[in-house]
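Hi everyone, thanks for coming.

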Amino acid sequence: MNRKNPYRQYMYSYPHKTAYRRLTGISLRDYASCLAGPGHGLYVHLPFCRTKCGYCNLFSVTGLDRDPARIDRYLDAVRRQCLQYEELLEPYGTVFSEVVIGGGTPLLLTEVQLMRLFRLLEVHAACADGRELVIETAPNETVRSKLEILKAAGATRVSMGIQSFSDEELGTLNRQHSAGKAREALGLLKDYHFPCVNVDFIYGIPGQTTESLLRSLKEALAFAPDEIFLYPLYVKHGAGLQKAVRDGMVLHPEEAVLQYQEASGYLRSEGFRQDSMRRFVRDTRTRTYSECGFGTSLALGCGGRSYLGNLHFCSPYAITREDCLAQLGAFEKTEDFTKITHGILLTEEEQRRRYVIRHLLIRPGLLLPRYEEHFGTDAMEDFPILKDWQEQAYVRREGTFLTLTDAGLLLSDWLGPQLMSRTVRARMEEWERMHQ
């Protein structure tokens with residue numbers, strides 16, 4: 001292992017979108033039964049931002065806030081998609097237990113557009129009583145009029161990317177808000193008493209020190225957030241900072257490791273429970289086990305990803321403004337949203353890998369008996385590398401769970417990619433070559 005750089009690949013899902021390819025002969029009608037009954041997720045993607053952050057390589061388009069009619073056309077397409085899905089799923093009694101609205105920056109929409117979106121979901125997406133409603137925001141878009149709409153819609157979790165309370169560090173990241181604006185926005189957000197407020201911070205920023213990171217976190221704690229996510233700075237293909245790195249900006253992963261260790265220790269000392277390398281929760285309750293390897297989720301919008309059994313699908317992965325606009329145009333012209341043209345069909349081997357990755361990297365970890373119930377085999381035998389990690393004290397057994405140790409948590413972004421299959425890795429590398 002290159003202990004100087006444990007930051008190899010952020011495994012927020014598996015397989016990554018760059019492993020997806022063109023699909024033919026597949027219809028959502030063939031998979032609609034996966035969404036029968038209650039307990040499913042609904043994701044709404046709003047790929048609009050005022051500006052692109054320096055580290056962002058996600059599907060988002062800037063500048064369209066100056067053309068509200070353009071966003072209206074997108075919402076028109078989302079409505080058509082939602083109505084087609086509603087008609088298709090009605091016989092199956094689909095009920096969504098969670099609605100997640102991501103981006104982009106969802107609150108870039110105008111108040112009228114936000115209310116239109118919530119009305120659409122209220123009327124045409126059957127949700128359970130007490131459903132979760134999760135949405136993202138950014139400091140410059142966090143204003144009282146839009147928070148009033150979120151409150152009326154019953155938002156249960158609002159997440160805001162602050163990244164730092166240092167204007168210099170924000171400048172390095174090409175974030176367009178100031179530290180002062182972040183303070184104002186966070187204070188306003190807390191005034192509305194949402195059940196959960198999360199804030200994101202980044203470490204490993206060039207010029208950042210452990211002391212400046214801890215200052216930012218201490219300042220955040222004064223607002224009593226319910227969750228904090230700590231992200232290492234990644235500069236991946238297509239991110240704006242990629243040019244700065246090529247021009248000589250230096251990342252120091254060994255310093256990032258020290259910053260993570262100090263910051264995670266500080267948050268734990270302040271009463272936060274660490275659930276993963278990134279997630280810290282202010283919660284005195286016992287951590288509960290939540291199975292996520294076979295969860296079903298349907299996406300609305302361009303760029304959102306759906307998970308239905310062994311089928312994962314979305315629009316083709318895009319990063320540049322030109323490519324994202326092309327995908328938006330294709331989405332808005334779509335007549336039949338039930339036709340699936342891009343994604344991946346997971347073999348049983350890939351489903352095993354996904355299950356292990358999804359559970360092992362989040363505490364309490366991989367419940368070994370459940371793995372055996374699903375697949376009929378022993379996870380430790382299927383993945384001998386888990387035994388190696390146990391010997392190296394990266395994982396340990398806690399009852400029937402296989403759990404990351406603190407050392408393993410630190411190395412999550414190095415351990416996780418080792419569980420990827422050769423096929424998925426080859427596809428991702430092929431995508432990178434094709435888009436250089």
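So, to start, which side chain does R21 meet in a salt bridge? The partner is E430, with 2.7 Å from N to O. Before I go on, this is a predicted model, where local features need pLDDT of at least 70 and side-chain atom pairs count only at pLDDT 80 or more, while totals for chains, interfaces and linings use all residues. Residues are numbered from 1 along each chain as its sequence is written, and side-chain values use heavy atoms, with hydrogens and water left out.

Back to that pair. R21 sits in strand β1 (residues 21–27) and E430 in helix α16 (residues 422–434), so the bridge links distant parts of the chain, 409 residues apart. Helices here are DSSP runs of H or I with at least four residues, strands are runs of E with at least two, and both are numbered from the N terminus. A salt bridge means a side-chain nitrogen of Lys or Arg within 4 Å of a carboxyl oxygen of Asp or Glu. By that rule, the count is 24.

Next, helix packing. Take α1 and α2: their axes are 11 Å apart and the angle is about 5°. Axes are lines fitted to C-alpha atoms, for helices over the stretch in contact, and angles run from 0 to 180 degrees between N-to-C directions. On the α1 side the contact includes P68, I71 and R79, and on the α2 side Q113, L120 and H124 are among the residues; contact means heavy atoms within 4.5 Å. By class, this contact divides into eight nonpolar, two polar and five charged residues. For the classes, Ala, Val, Leu, Ile, Met, Phe, Trp, Tyr, Cys and Pro count as nonpolar, Asp, Glu, Lys and Arg as charged, and the others, Gly among them, as polar.

Helix α2 (residues 111–124) also has α3 (residues 144–153) beside it, with axes that come within 10 Å and cross at roughly 10°. So these two are roughly parallel as well. Here E111, L114, M115 and F118 of α2 meet S145, K146, I149, L150 and A153 of α3. That contact has six nonpolar, one polar and two charged residues.

Now for the spaces. On a 1 Å grid over the protein atoms alone, a cavity is a set of points where a 1.4 Å probe fits but cannot get out, a pocket is an open set with protein on both sides within 12 Å along at least five of seven lines, and lining residues have an atom within 4 Å of a point. Grid points are joined across faces, edges and corners, and a volume is the space filled by probe spheres set on the points.

The second largest pocket has about 470 Å³. It has 22 lining residues, and S315, F331, T334, K339 and T341 lie nearest its centre. β15 gives the most to this lining, with four residues. The lining splits into 10 nonpolar, 10 polar and two charged.

As for cavities, there are two of 30 Å³ or more.

Another cis bond runs from G103 to G104, omega near 10°. Most peptide bonds are trans. That's my tour, thanks!

Terms used
Angles under 35 degrees count as roughly parallel, over 145 as roughly antiparallel, 65 to 115 as roughly perpendicular and the rest as oblique.
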